[in-house]
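Here is a short report on selected helix packing and loop residues. Please keep the sequence and the model open while reading.

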Amino acid sequence: MFSIFCTYFFVLICFITLLYTSGHFLFKLLHINIEGKATAAFAKLLTSLTIFVVFSAIFFTKGVTVMLFFLPLLLALVWKTKLSAKNDTVANVQTFDPLFFSGLALGILFIFCCKFFLVYNPDGDIPYLPHGDVVFYSNLTDFILHFKNENSSLDYIYPAGNSPYHYFEIWLGAALGFFTNLNTALLMILVVFATGPVLIWLGLCALLEHFKPTLKFKDYLFCLLGVFLTGIVFKAYTMIGFMEGIGSYTCNAINYNKLFPIYLYTIAALLFFIKHKDTEAIFCLLAVPVTFIST
């Protein structure tokens, strides 16, 4: 179990580092500067994560993917951001802050440990079997990598049409599996489903940063607890046709893994709304039904 912990935590750290680095250079290339450590980190990570997932899906399916709908949104968002930047005051360029990145590493470790606990077997080196949904998603990643077809049919031999339900995290797992050649089920639960809460945590820090520019340790801790934030469902909701399954959406980002893309693009929209950039916010909201069709 120790080797599993070290291997997958190393992959998670390397992946988030690569996302941040690529996002940082992309923002420099586009001359986009963002105020606030957490806000800048969230923006860079989410942008590079989106590009990684979208282009992985396009590459493996040769363009036959629901992720294609991201392309006009990405282009429109870049165009609008660059257009509005002409009228904005120049933001302070963020410098490397070892304390911030040390705290980020500790937060990543905490979230990873929450995920690792789900498969930890104290009696041997074989991890516990993940939840059935995770097993299905890992099988689906293997399927789409082999057949290059977005299909969530239970019958892989004679698939009954395409059903692009929520492919964002599926493609993320598939791409990571392709590059690392590690167990796809463990990749899903320990890397993919840990990356989401890490970005959600930074997104919550970014939201708080707009009201309290200088965040302290207790603020980062408070936002970290936000990944466990659980909604409340009232019985009256279930009486409305399209809200029958509202109970599913009252779970938090830790114990209902596949919802994390909804959180990410909703937080991005909120950040734009706070800055009175309504058009950019709407572009982010339009990304939600691409990542999660039922929304």
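## Asn257, a loop residue

This is a predicted model. Asn257 sits in the loop between α8 (217-224) and α9 (260-274). Its relative accessibility is 15%. The cut-off for buried is under 20%, so Asn257 counts as buried.

The side chain of Asn257 forms a polar contact of 2.4 Å with the side chain of Lys115. Leaving aside residues up to four places away in sequence, Asn257 touches Lys115, Val134 and Phe193. Two of these names return in the next section: Lys115 belongs to α4 and Phe193 to α7, and both take part in the contact of these helices.

## Helix α4 against α7

Helix α4 covers residues 98-119. The axes of α4 and α7 come within 9 Å and cross at roughly 140°. That angle makes α4 oblique to α7. The crossing is right-handed.

From α4, the contact uses Phe100, Gly103, Leu104, Gly107, Ile108, Ile111, Phe112, Lys115, Phe116, Leu118 and Val119. From α7, it uses Leu186, Ile189, Leu190, Phe193, Ala194, Pro197, Val198, Trp201 and Leu202. By class, the residues of this contact of α4 with α7 are 17 nonpolar, 2 polar and 1 charged.

## Helix α2 against α7

Helix α7 (residues 184-209) also meets helix α2 (residues 37-61). Their axes come within 8 Å and cross at roughly 140°. That makes α2 oblique to α7. Here the crossing is left-handed.

On the α2 side, the contact is made by Lys37, Ala38, Thr39, Ala41, Phe42, Leu45, Leu46 and Leu49. On the α7 side, the residues are Leu199, Leu202, Gly203, Cys205, Ala206 and Glu209. The contact of α2 with α7 has 10 nonpolar, 2 polar and 2 charged residues. Leu202 of α7 takes part in the contact with α2 and in the contact with α4.

His166 lies in the loop between α5 (132-147) and α6 (168-180). Is His166 buried or exposed? His166 is buried, because its relative accessible area is 5%.

The side chains of His166 and Glu169 make a polar contact of 2.3 Å. Not counting residues up to four places away in sequence, His166 touches Tyr137, Lys258, Thr291 and Phe292.

Note on methods
Residues are numbered from 1 along each chain as its sequence is written. This is a predicted model: local features need pLDDT of at least 70, side-chain atom pairs count only at pLDDT 80 or more; totals for chains, interfaces and linings use all residues. Side-chain values use heavy atoms; hydrogens and water are left out. Axes are lines fitted to C-alpha atoms, for helices over the stretch in contact, and angles run from 0 to 180 degrees between N-to-C directions. Helices (H or I, at least four residues) and strands (E, at least two) are DSSP runs, numbered from the N terminus. Angles under 35 degrees count as roughly parallel, over 145 as roughly antiparallel, 65 to 115 as roughly perpendicular and the rest as oblique. A crossing is left-handed if the near helix is turned anticlockwise from the far one by less than a right angle, and right-handed if clockwise. Contact means heavy atoms within 4.5 Å. Ala, Val, Leu, Ile, Met, Phe, Trp, Tyr, Cys and Pro count as nonpolar, Asp, Glu, Lys and Arg as charged, and the others, Gly among them, as polar. Buried means under 20% relative accessible area, exposed over 50%, partly exposed in between (1.4 Å probe, protein chains only). A polar contact is a pair of N or O atoms within 3.5 Å; within protein, one must be able to donate a hydrogen and the other to accept it, and residues adjacent in sequence count only if both atoms are side-chain atoms.
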